[in-house]
Amino acid sequence: MRLQSTEVFYQIISFVLSKTDNIFRALLEISDDDKGKLMNQRNGKKWQDIEPLIKSYLRNSLDLISQLTDNQILTYVLTRLRTSAVYFSAYPSTSRRLLKMLVRLWASGDQNLSLSSFLMIREVASLLPDCLDFCLTKTYNAYLSSSKIVDNRNIENIDFILNCLVELYSLDIQKAGERAVISVGQLSAILRQASKTKGKEDLLKIDNWQYINCINLWVRFICVNYKDCHNLHLLFSSVVQIIRGVAHLLPGMRYLPLRLKLAQMLNELSNCSQMFFPVPSLIFGSLEFRETPQKEQTEKGKTHFSSILKVPRNMLKSRDFQEQCVLSAIEVLSAHFFQWSYHVSFPEVATIPLILLKRLQEQTTIESLRRPLKRMIDQVSENRDFVQRKREVVSFSPNDASSVESFLQEEEMNGGASFTQFYASVAKSRQSRGRKLV
């Protein structure tokens, strides 16, 4: 049958997509939320009676998805089709064909279409464990392919895909952990080779977005699941070693954007594990200005730290670059200090960074940076003195773990330290400047 009217065609499609699932459930005499009972009826007579209709509906739905080119209509189709995911799970080969289409649409870059595709992927993967391996492989490859190039246009989409992938991998920690170990092992092998040869080709295998985004994937995965899964300790230590190795291998001011990203990853790992990492050492080693900045460059020549790993040489002297260096460093350092702002060891944590911050303030010739640096120094110093005063009146020893853990717990719950408000203001300033670091 051929329909001459486009409007009639879309009305029929809309009717079928919105009503078919309820019709099938009525024929099978199953309620909307009873997926388990539906899956158990696959060998029953009622299922066999309507199975030709179900197969026809699923096949034609896949044909429809493969032929549509309008993202808005595709989003609508996937949204309606998600209620029928349980029928796809009855046919693994059909489900795999569906997943291939969904992964392609998920990585398309359209936010609404990506979300609808991911929700369908997650639904099928949770209903059909046999497809989970296939699903994890396809989505992982799609993420790596999408993250080869990062710019201001796709950075939000890459971050969205990353969060989706972490959620998908969190469906089965054991399977995901095995894949993570293999991937991290490959990252470690590449790093060892580059550290050994220092060759240009080997360094380029690390100095690229695909490698860095792959590290970021496993950092996010660990942070989401670390507290609930104790089998991630080996993966945790391997990822930390890779982060430190990359930072050591690529020093200098040109790689400051990369080192800031690595420092932020350590902040995230430290936050989920309550382990201390010397985050400031990754930043201050590259944060030295020895040359007089040139006049501020035009908007066309400005750098955006969220979408670069290495700064071009001709921009190292620019005022814009130096401003972004300092302000971005303040963002990452404030997140680091905020995590330990109520800890009994904060005076020791802050001692060396305070010396380096004061030196940086003396070195900079840009007047607009002196004020944020001075504020940072004052806030860290004030919090150091606050913790020091509280420490002087306690009687427990550093070996008393329970007392150390409960130190300033009440003040932390109430947000009593002034550094809490300072960190909130830094985060607000970052949002107004459109930064993606913290």
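**View 1. Salt bridge between D207 and K310 in the predicted model.** D207 is buried, at a relative accessible area of 14%, because the limit for buried is under 20%. In this predicted model, the side chain of D207 meets that of K310 in a salt bridge, with 3.5 Å from N to O. D207 belongs to the loop between helix 11 (200-204) and helix 12 (209-225), and K310 to the loop between helix 15 (279-284) and helix 16 (319-339), so the pair ties together parts that are 103 residues apart in sequence. K310 has a relative accessible area of 32% and is partly exposed.

**View 2. Salt bridge between R122 and E167.** The N to O distance between these two side chains is 2.2 Å. R122 is partly exposed at a relative accessible area of 28%. E167 is also partly exposed, at 35% relative accessibility.

**View 3. Salt bridge between D21 and R25 within helix 1.** The side chains meet at 2.9 Å, N to O. The two residues are four positions apart in helix 1, about one turn of the helix. Both D21 and R25 are buried.

**View 4. Salt-bridge network of D133, K175 and R179.** Salt bridges link these three residues in a network. Over the whole structure, the search finds 17 salt bridges.

**View 5. Aromatic pair of F24 and Y87.** The structure holds 14 aromatic pairs. One of them, F24 with Y87, is edge-to-face, with 5.5 Å from centre to centre and 75° between the planes. The pair links distant parts of the chain: F24 lies in helix 1 (residues 6-28) and Y87 in helix 5 (residues 85-88), 63 residues apart. F24 counts as buried at 5% relative accessibility. Y87 is buried too, with a relative accessible area of 0%. Ring pairs join F24, W47, Y57 and Y87 into a cluster.

**View 6. Charged end of R96 over the ring of F134.** The charged end of the R96 side chain sits 5.9 Å from the centre of the F134 ring.

**View 7. The two assigned domains.** The domain assignment of the protein chain gives domain 1 as residues 6-127 and domain 2 as residues 302-437. Their C-alpha centres lie 50 Å apart.

Definitions and conventions:
Residues are numbered from 1 along each chain as its sequence is written. This is a predicted model: local features need pLDDT of at least 70, side-chain atom pairs count only at pLDDT 80 or more; totals for chains, interfaces and linings use all residues. Side-chain values use heavy atoms; hydrogens and water are left out. Domain bounds come from an automatic or database domain assignment. Rings of Phe, Tyr and Trp (its six-membered ring) pair if their centres lie within 6.5 Å; planes under 30 degrees apart count as stacked, over 60 as edge-to-face and the rest as tilted. Buried means under 20% relative accessible area, exposed over 50%, partly exposed in between (1.4 Å probe, protein chains only). A charge sits over a ring if NZ of Lys or CZ of Arg is within 6 Å of the ring centre and within 35 degrees of the ring normal. A salt bridge is a side-chain nitrogen of Lys or Arg within 4 Å of a carboxyl oxygen of Asp or Glu.
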